[in-house]
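We will walk from one stop to the next.

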Amino acid sequence: SYSPQIGLPAGAYYVCIEDFYAPDDVMMMTYTFKIEFQGATTWEKEFNDGWLSSTSIAANTTIYGSLMQSYDDDFYIFYNNAPKCINISFSHPKFESSTTGWEIALYNSNHEIIQWFEASDGYTVSKTGATVFLPAGTYYILVDLYLSNNYHRDSTYSLRVNTQPDIGTVVSYDGLNYKIVKNGTQCYMQCIGPINKKIK
């Protein structure tokens, strides 16, 4: 039996091993356990179950986490220092089910929801939310269980806030030029013509 991976701040911790339901069945039996760890700055820091204890993350950096209990919520906070278009990508291990185990929500500093999406199903291991325009400011991300209280709660997931080029930037792809524009809170690519002006 293995515990889920957990992100912990530096410090002292305790492990408690005790009988479960049937104490007489395990008395005098020998057990072994091993603690494995590695230093990392890209893991959630438990306990990040609320707004005030959110794990601070940086844009364009992959962060890892896990939901340890049915009531576990993972809150993250990030700072947008300039108006930008962003999207959130979420990945998880493959599991043989069409049911989704996680939901991801984006909030502003007033805890008002901006975007919500459920993670991809078990056969598709990644999902990216729609690209949205965010003014400079503080934002939160919540990762929570979806549909079932214990569904894949021990699985390690990854989360990433992706920043896009600034509004008005022109990028080229497959022979065409696109301009990054916004309409309200939505960001999208607007085709403005071919790279080679001779092409119609």
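Which residues does Asn48 touch, not counting those up to four places away in sequence? Select Asn48 and you will find Ser53, Ser54, Thr55, Asp73, Asp74, Phe75 and Tyr76, where contact means heavy atoms within 4.5 Å.

A word on the model before going further. This is a predicted model, in which local features need pLDDT of at least 70 and side-chain atom pairs count only at pLDDT 80 or more, while totals for chains, interfaces and linings use all residues. Residues are numbered from 1 along each chain as its sequence is written, and side-chain values use heavy atoms, with hydrogens and water left out.

**Stop one: Asn48**

Stay on Asn48, in the loop between α1 (23-26) and β1. Helices (H or I, at least four residues) and strands (E, at least two) are DSSP runs, numbered from the N terminus. Asn48 has 0% relative accessibility and so counts as buried (buried is under 20% relative accessible area, exposed over 50%, partly exposed in between, with a 1.4 Å probe and protein chains only). Now show its side chain: polar contacts join it to the side chain of Glu44 at 3.1 Å and to that of Thr55 at 3.2 Å. A polar contact here is a pair of N or O atoms within 3.5 Å; within protein, one must be able to donate a hydrogen and the other to accept it, and residues adjacent in sequence count only if both atoms are side-chain atoms.

**Stop two: the sheet**

Next, colour the 5 strands of the open, mixed sheet, in the order β1-β3-β9-β5-β6; two strands pair if DSSP finds at least two bridges between them. β1 (55-56) and β6 (113-118) are at the edges with a single partner strand each, so one side of each has no neighbour in the sheet.

Pick out β5 (residues 102-107). It runs antiparallel to β9 (residues 137-145), with 6 bridges between them, and Ile104 stands opposite Val143 in β9. β5 is also antiparallel to β6, through 5 bridges; there, Leu106 has Gln115 as its bridge partner. In the hairpin of β5 and β6, with 5 residues between the strands, look for His111 and its positive phi near 65°.

**Stop three: the nonpolar core**

Select Ile104, Leu106, Ile141 and Leu159: of the 23 residues in the largest nonpolar core, these touch the most other members. Such a core is a set of buried Ala, Val, Leu, Ile, Met, Phe, Trp, Tyr and Cys residues joined through side-chain atoms within 4.5 Å. β9 gives the largest share of this core, 4 residues. Centre on Leu159 and its contacts beyond four places in sequence include Thr61, Tyr76, Phe90, Ile104 and Ile141.

**Stop four: the rings**

Rings of Phe, Tyr and Trp (its six-membered ring) pair if their centres lie within 6.5 Å; planes under 30 degrees apart count as stacked, over 60 as edge-to-face and the rest as tilted. By this rule there are 9 aromatic pairs. Show Trp51 and Tyr140: their centres are 5.1 Å apart and their planes at 85°, so the pair is edge-to-face. Trp51 is in the loop between α1 and β1 and Tyr140 in strand β9, so the pair ties together parts 89 residues apart in sequence. Trp51 is partly exposed, at 26% relative accessible area, whereas Tyr140 is buried, at 11%. Then move to Phe78 and Tyr139, a stacked pair with 5.8 Å centre to centre and 25° between the planes.
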